[in-house]
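Student: I have a structure to read and would like to go through it in questions. Please show it first.

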Amino acid sequence: MSKVVLENLTKVYSNGFKAVHGINLEIEDGEFLVVIGPSGCAKSTTLRMLAGLESISGGTINIGGRTVNNLPPKDRGIAMVFQNYALYPHMSVRENLGFGLKLAKVSKEDIEKQVNEAAELLELTPLLDRLPRQLSGGQAQRVAVGRAIVKRPQVFLFDEPLSNLDAKLRASMRVRISDLHNTLKKTNRSATSVYVTHDQTEAMTMGDRICVMKDGHIMQVDTPANLYKYPQNLFVAGFIGAPEMNMVDADLSRNDQDDYHLSLNEQGLTLPAEKAQEVANKFTSDVVFGIRPEFIKLADENSPQGEVVKGIVVRMENMGAEFYVHFSVDGEKKEMCARIPSDIVEAQLWNSKGKAQLFHFEMSNAHIFDKQTEENISL
Amino acid sequence: MTKLFIDKSTTGVIDNDRFLRVQMRKQKIGAGIRYFVLLFCGLVMLYPLFWMFSASFKPNHEIFSSLSLWPNEFSLDGFINGWNTGTEYTFGRFFINTLYYVVPKVILTVISSVIVAYGFARFDIPFKKFWFVTLVATILLPTSVLLIPQYLMFREMGMLDSYMPLYLPMAFATQGFFVFMLIQFLRGLPTDMEEAAMIDGCNSFQLLWYIVVPMLKPAIISVALFQFMWSVNDFLGPLIYISSVEKYPIALALKLSIDVTEGTQWNEILAMASIAIVPSIVVFLIAQNYFVEGITSGGVKG
């Protein structure tokens, strides 16, 4: 089967720069794993090492039960889709698709058959005799994907394949690639995929699991939902989600009754019991308090006591169905943001810019991070 | 021309039409000056060529006595006598002789230079920087420095009075300029396609043949073109190595008519010189289309 296992994978460049710091990762057979991270986090380097385009400084790569460290790219059972499509400019679409098979000395009839099959799958049939320069960006990218499919690889590697396309096309290609992955899976073909991107939407919508990287380290690997709900550290919490999670420095203290209190300057928040339990083991007073904008509401008479904070509304951004309400908490430099439905804003917050307002922080969905280690201590 | 609409309140231009008229006139005057300068420079540069061509239709006594480009007495004697030459061979023979060494020279140069440039541009070779500096140094080295040692070497190998010394060195990418030119071109090409081909299963030579050479085509054509023109015009090389008249290329044959006749038949020489530049011009015109063809056209977009 086509399981991919990276063990302690390391990359050190000849100038001594350590790009990848011993990462461990298991990609299950048929899984669609998205690798995401800011520029320069070595996600592409990792993918290129997997492809065999970049030498490995340490650790092992195992594809489908074979260690492939020293195998050339063609023997690793992989196919790759590049950001710039990397179509051969002097070959027609048909030749581009069949080039790998031609090199593998597959008979002409078989090449023809497989090329036609892939072309049909990707709706490329009318384009088969065109040259790459006669294709639009979306068509070129489909050819690039087709070229990968024709090879029937064990593992598909995608290196930011959609970042050269415009927003609309990107959205439709996203769906197409996801559908394709499912089709391959249904027809019992190998469909393990590693997809590198810096686009959150792609990661969240396409990935079975997402691997978040930073500076050559893996920060967290989990399903999109878990990554969003239970970020293990500050980086993941800040990276996933738009608008970003609110994160402010706070002091954590506990009293004799084992109640945990967060103080944002003068204002206090109380942790609910289930959060308090988790925090108890890793208690520290110097913390970062994080809460997603959708878990901040306008306070009303039902809001529990330890969950209300007074803020001054700084700015309101109309997003149509909802407003992003930016407010500053007394003494804090950093603004916080709440996502509040339009009707509530219109009823209660109209013209409240510059005025004080009480906000209800849903503490059961809050996160507490250790400021030193940046770990989430409330999970 | 599409009409420009300029908001008068913001531009401060009171009369839009007048503003446009002034702009148009300025552009026309500018273009007039530009074309005049270009035409003048072009004529100055082409005049010697025109003169040579017209002089080849003049009788000998008229060539140096009038400045006019149009011959007073039109005569084809220059071409007829020049073609027959003073020797037992016609000028056609010298043409063919030229091709005998120019064609292998061009082919060998292209093959060897492409392979060496590919190595430099795409592989990690031990001491690569040193080798590259050496390569550049050979470009700076005057060719005449090598003449005597090379002559001695080819004499030892018994290759004098043959075309071998003229093209054999090219099999070893000895013209650093071409290698350098190709390396620079290759460095500018994205490596994505080569990586894709590697994944598709190409080894290094397949990569070179199927992917790199097609992408290098414009550069290869430039190399071939330069080498062709320089070789056809080369005088020193054949002068040193070719001694028998039956092997003379054009460059030497032109000189031949000056040597053997007492009163030099300038019309013959100029007529043959006019013919001698024809291959270079034809080859250039054919290859020009490829020059124009975009370099990374197709493969990359965005």
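Tutor: A residue is buried if 20 or more other C-beta atoms lie within 10 Å of its own, exposed if 12 or fewer, and partly exposed in between, with C-beta atoms placed from the backbone. Helices (H or I, at least four residues) and strands (E, at least two) are DSSP runs, numbered from the N terminus. This is a predicted model, in which local features need pLDDT of at least 70 and side-chain atom pairs count only at pLDDT 80 or more, while totals for chains, interfaces and linings use all residues. Residues are numbered from 1 along each chain as its sequence is written, and chains are lettered from A and ligands numbered from 1 in the order in which they are written.

Student: Which residue stands opposite Val196(A)?

Tutor: Two strands pair if DSSP finds at least two bridges between them. Strand β7 (residues 155-159) of chain A runs parallel to β8(A) with five bridges, and there Val155(A) stands opposite Thr192(A). Strand β3 (residues 32-36) of chain A is also joined to β8(A) by five bridges and runs parallel to it. In this pair, the residue opposite Val196(A) is Val35(A).

Student: What is the bridge partner of Phe323(A) in β18(A)?

Tutor: Phe323(A) lies in β17(A), where it stands opposite Asn318(A). β17(A) (residues 322-329) pairs with β16(A) (residues 308-318) in the antiparallel sense over seven bridges. β17(A) also pairs with β18(A) (residues 335-341), again antiparallel and over seven bridges. In β18(A), the partner of Phe323(A) is Ile340(A).

Student: Which residue takes a positive phi in the hairpin of β16(A) and β17(A)?

Tutor: The hairpin has three residues between the strands. One of the residues in this hairpin has a positive phi near 100°, and that residue is Gly320(A).

Student: At what angle do the axes of α2(A) and α3(A) cross?

Tutor: Axes are lines fitted to C-alpha atoms, for helices over the stretch in contact, and angles run from 0 to 180 degrees between N-to-C directions. Angles under 35 degrees count as roughly parallel, over 145 as roughly antiparallel, 65 to 115 as roughly perpendicular and the rest as oblique. The axes of α2(A) (residues 93-103) and α3(A) (residues 108-121) come within 10 Å, and they cross at roughly 130°. That angle makes α2(A) oblique to α3(A).

Student: Which element of chain B gives the most to the side that touches chain A?

Tutor: Residues are in contact if their C-beta atoms, placed from the backbone, lie within 7 Å. By that rule, 20 residues of chain B are in contact with 24 residues of chain A. The elements of chain B that give two or more residues to this side are α10 (192-200) and α11 (204-233). With seven residues, the one that gives the most is α10(B).

Student: What covers the buried residues of α10(B)?

Tutor: Eight of the nine residues of α10(B) are buried, including Met193(B), Ala197(B) and Ile199(B). What covers them includes, from chain B, α11, and from chain A, α1 (43-51), β6 (78-81) and α2.

Key. Two residues are in contact if their C-beta atoms, placed from the backbone, lie within 7 Å.
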